[in-house]
Amino acid sequence: QTASSAIKGAIQLGIGYTVGNLTSKPDRDVLMQDFYVVESVFLPSEGSNLTPAHHYPDFRFKTYAPLAFRYFRELFGIKPDDYLFSICSEPLIELSNPGASGSLFFVTSDDEFIIKTVQHKEAEFLQKLLPGYYMNLNQNPRTLLPKFYGLYCMQSGGINIRIVVMNNVLPRSMRMHFTYDLKGSTYKRRASRKEREKSNPTFKDLDFLQDMHEGLYFETETYNALMKTLQRDCRVLESFKIMDYSLLLGIHILDHSLKEKEEENSQNVPDAKRSGMQKVLYSTAMESIQGPGKSGDGTITENPDTMGGIPAKSHKGEKLLLFMGIIDILQSYRLMKKLEHSWKALVYDGDTVSVHRPSFYADRFLKFMNSRVFKKIQALKASPSKKRCNSIAALKATSQEIVSSVSQEWKDEKRDLLMEGQSFSSLDEEALGSRHRPDLVPSTPSLFEAASLATTISSSSLYVNKHCPHDGTTLYSNSKGLPSSSTFTLEEGTIYLTSEPNALEMQDDNASVLDVYL
């Protein structure tokens with residue numbers, strides 16, 4: 001195998017030559033034939049009239065669709081000088097491979113670009129995909145799909161190494177406390193023991209369901225924008241018959257940042273370039289889900305503290321920054337994938353296998369993201385009117401005053417009766433709920449939004465003893481335990497509590513109807 005350092009050096013030489021050569025070609029519209037052009041140059045180690053000398057083995061460098069990719073780079077605001085500076089000025093940094101594809105991953109020193117080796121079929125598929133990709137980017141440059149900036153092939157000693165240059169989804173200068181590769185599948189979707197032993201392991205679907213079983217919570221506007229972007233991207237992939245893609249999700253816990261600030265500052269020194277001046281447009285997670293014309297466009301990317309992360313919260317209430325992008329889209333549902341799904345479906349439940357037909361894969365992927373991973377913050381719904389809130393508060397206060405006004409002597413005398421029934425205070429708490437049990441509040445939204453609120457409360461009978469020695473109104477339960485109903489009505493800021501006795505109660509001389517108006 002070619003040494004990693006030789007590959008990195010040859011990539012930098014080849015891209016430096018081809019991009020520099022491209023600047024001499026005039027700008028023009030992209031034509032259909034431009035997507036299928038392949039330019040080739042030979043770079044001998046001793047150099048030539050066109051190429052510099054180098055200390056790597058002789059190699060040939062091919063550039064696919066150079067004019068089309070130049071257009072893509074311009075669309076994302078990448079100038080040729082910046083592209084060359086990012087890739088060629090300093091040595092590339094090799095990353096550990098989180099996937100099972102066997103690909104090599106390199107990142108540029110300024111954290112802007114990822115360079116990934118791809119298989120022959122994937123490079124061929126990307127080339128066929130370019131016209132449709134071009135159309136999609138023209139319609140919507142804000143997407144979580146990979147942003148391809150170049151496709152190249154290096155030939156040396158009979159070995160072909162194909163590479164693609166893409167946007168970097170997870171900035172190294174922001175520590176990822178958790179990284180997940182999510183497909184929406186459960187078949188063998190747990191990180192291996194070898195992966196878990198890494199310093200920064202990439203976990204999978206089953207690990208996420210175990211670690212973040214309640215999901216990740218977003219503000220309503222952010223959640224809607226994220227889901228809309230995911231739905232649009234999945235439909236595009238489905239139309240291209242693409243499947244087996246993943247959502248790469250990096251989670252940075254802001255609450256842990258303060259503890260690790262000194263450690264992160266030491267790591268950030270060589271990576272300060274990205275936070276100071278971002279070269280690529282629409283490349284951060286937050287930019288990818290925002291629609292055009294959002295007021296946050298300029299401020300988010302300039303803030304070095306967020307690095308364009310999407311704010312969210314965990315089920316524990318921790319503040320998070322999320323970095324994400326759809327990866328591994330160069331998989332077409334062709335014969336080998338169909339065969340792979342067929343034999344896996346025989347052994348396992350076909351719906352849980354990651355290799356599936358594109359339409360089903362997209363629907364399952366979206367359902368998993370919508371129901372298990374990303375959730376909307378459900379704020380406790382308050383009453384639409386302050387007047388009504390005040391009325392409920394007034395009812396609570398008044399009910400407590402009524403109960404507390406009963407003399408201790410009267411309480412002692414009627415203790416047995418009070419223990420059998422329910423006090424007004426407990427009835428109030430049962431009807432309206434408490435701060436600790438908001439679920440006791442009537443859950444039908446329309447009741448709060450309507451002009452009046454009526455709830456019938458079934459309880460022990462509420463009676464007024466006519467021979468009560470105290471002047472205040474005393475509420476207690478009938479010792480006979482005869483059933484009755486009390487109606488609690490909130491209307492136009494006024495609360496009515498009406499007890500309607502039944503026929504048996506009417507025969508009792510000691511019973512009377514209680515009407516309370518607050």
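A: Phenylalanine 72 is buried, with a relative accessible area of 0%, where buried means under 20% relative accessible area, computed with a 1.4 Å probe on protein chains only. This is a predicted model, in which local features need pLDDT of at least 70 and side-chain atom pairs count only at pLDDT 80 or more, while totals for chains, interfaces and linings use all residues. Residues are numbered from 1 along each chain as its sequence is written, and side-chain values use heavy atoms, with hydrogens and water left out.

Over the whole structure, a search finds 18 aromatic pairs, a pair being two rings of Phe, Tyr or Trp (its six-membered ring) with centres within 6.5 Å, edge-to-face if the planes are over 60 degrees apart. One of them joins phenylalanine 72 and tyrosine 133, whose ring centres are 5.2 Å apart with planes at 85 degrees, so the pair is edge-to-face. Because phenylalanine 72 lies in helix 2 (residues 66-75) and tyrosine 133 in helix 4 (residues 120-139), the pair ties together parts 61 residues apart in sequence; helices here are DSSP runs of H or I with at least four residues, and strands are E runs of at least two, numbered from the N terminus. Tyrosine 133 is also buried, at 4% relative accessibility.

A further edge-to-face pair is formed by tyrosine 245 and tyrosine 361, at 4.8 Å centre to centre and 75 degrees between the planes. Tyrosine 245 lies in the loop between helix 7 (220-239) and strand 11 (246-253) and tyrosine 361 in helix 14 (residues 358-373), so this pair ties together parts 116 residues apart in sequence.

How values were computed. Phe/Tyr/Trp six-rings, centres within 6.5 Å; stacked < 30°, edge-to-face > 60°. Buried < 20%, exposed > 50% of the residue type's maximum accessible area, 1.4 Å probe, protein only.
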